[in-house]
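User: Can you walk me through the helix packing in this one? I'll jump around a bit.

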Amino acid sequence: MIQRSLPAWTRLAPLIAWALLAAFAWEPSSIVLPAIGAALIACVLAAVHHAELLAHRVGQPLGGLVLALAVTIIEVALIVALMLPNPVETASLARDTIFAEVMIILNGMVGLCLVLGGSRHREQSFGLHGTSAALATLATLAVMILILPNATLQAPGPAYAPSQLAFVGVVSLVLYLVFVFVQTVRHRDYFLPEAEEDEETEARGPAPRNGVAALAALLLLASLAAVVLSAHDLAPTIEAEIDAAGAPRALLGIVIGIIVLLPESLAALKAALADRLQISLNLALGSALASIG
């Protein structure tokens, strides 16, 4: 059941993380890095709690967009922050991260939700129309972003020319906005669980008050920002370990994808285990669409 008040640990986690980040910025030290890593995990768990509370307040399927959009905006900031110091060597970081996220979501997150949810409840249901629409949009965006650059001839290498890139960027944004309109307005019922609204309220408790929801929104942003900044501070150490192991640099994109998707993955798994597979799929596929779109 969703609580109407915020537990103390969900309020303290981002505060402690920000204090550690400030201490590291004031005097960088490898001693602080393990604490930053632990604070990162705590902020991920806090972000999941706040996102669930907000989703319960605004309702579905709009609530499923809250965590995906918040994480995606900060994910872009993280990628840009890692690319700016050395744009030549990190030119492929965005592509590697997006590719890793799509693979993690489709093969890992969705598969794990189906397996664990099916193991607990034996039989679960979801809306075929909504999931098919999400997969069709995701397939179109993935082909345009990850495959078509290999077939273009106007620019050297697997890359778009500036005019092609502008066109693909606009089309990607339009496709994503159309999908969001379909999900939240035009065919909202395609993305709703089959349980009736009164059953949902009985299972999860009453919606939180506006003040609690507003505080949860602020703490959600603070937690996600702390996750991204913690990952940014840990990135040099991760890069050094990757180089020491002789692994390809694309592995950094996989690591970023795993860190960024942790809040959404945990929320999707909790929904699947609670026999809310439709919400689980909304979270998983919505995060992939938001990352590309």
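This is a predicted model: local features need pLDDT of at least 70, side-chain atom pairs count only at pLDDT 80 or more; totals for chains, interfaces and linings use all residues.

User: OK. At what angle do H2 and H9 pack?

Analyst: About 45 degrees, with the axes 9 Å apart. H2 covers residues 33-58 and H9 covers residues 251-273. H2 and H9 are therefore oblique to each other.

User: Is the crossing of H2 and H9 left-handed or right-handed?

Analyst: Right-handed.

User: Which residues meet there?

Analyst: From H2, Leu-40, Ile-41, Val-44, Leu-45, Ala-47, Val-48 and Glu-52. From H9, Ile-259, Leu-262, Pro-263, Leu-266, Ala-267 and Lys-270.

User: How does the contact of H2 with H9 divide by class?

Analyst: Eleven nonpolar, no polar and two charged.

User: Next pair. How do H4 and H10 pack?

Analyst: Helix H4 (residues 93-121) and helix H10 (residues 277-292) have axes 9 Å apart, at an angle of about 175 degrees. That makes H4 roughly antiparallel to H10.

User: Which residues make the contact?

Analyst: On the H4 side they include Ile-98, Glu-101, Ile-105, Met-109 and Cys-113. On the H10 side, Leu-277, Leu-281, Ala-288 and Ile-292 are among them. By class, the contact of H4 with H10 has 14 nonpolar, three polar and one charged residues.

User: Switching to rings. How many aromatic pairs does a search of the whole structure find?

Analyst: One. The ring centres of Phe-179 and Phe-191 are 5.7 Å apart and the planes sit at 90 degrees, so the pair is edge-to-face.

User: Where do Phe-179 and Phe-191 lie?

Analyst: Phe-179 is in helix H6 (residues 162-186), and Phe-191 is in the loop between H6 and helix H7 (197-204). So the pair ties together parts that are twelve residues apart in sequence.

User: Are those two buried or exposed?

Analyst: Both Phe-179 and Phe-191 are buried.

User: Backbone now. What is the phi of Arg-122?

Analyst: Positive, about 70 degrees, and Arg-122 is not a glycine. Most residues other than glycine have a negative phi. Arg-122 lies in the loop between H4 and helix H5 (128-147). Arg-122 is exposed, with a relative accessible area of 73%.

User: And what about Asp-275?

Analyst: Asp-275 has a positive phi too, of about 65 degrees, and is not a glycine. Asp-275 is in the loop between H9 and H10. With a relative accessible area of 40%, Asp-275 is partly exposed.

How values were computed:
Residues are numbered from 1 along each chain as its sequence is written. Side-chain values use heavy atoms; hydrogens and water are left out. Rings of Phe, Tyr and Trp (its six-membered ring) pair if their centres lie within 6.5 Å; planes under 30 degrees apart count as stacked, over 60 as edge-to-face and the rest as tilted. Helices (H or I, at least four residues) and strands (E, at least two) are DSSP runs, numbered from the N terminus. Buried means under 20% relative accessible area, exposed over 50%, partly exposed in between (1.4 Å probe, protein chains only). Axes are lines fitted to C-alpha atoms, for helices over the stretch in contact, and angles run from 0 to 180 degrees between N-to-C directions. Angles under 35 degrees count as roughly parallel, over 145 as roughly antiparallel, 65 to 115 as roughly perpendicular and the rest as oblique. Contact means heavy atoms within 4.5 Å. Ala, Val, Leu, Ile, Met, Phe, Trp, Tyr, Cys and Pro count as nonpolar, Asp, Glu, Lys and Arg as charged, and the others, Gly among them, as polar. A crossing is left-handed if the near helix is turned anticlockwise from the far one by less than a right angle, and right-handed if clockwise.
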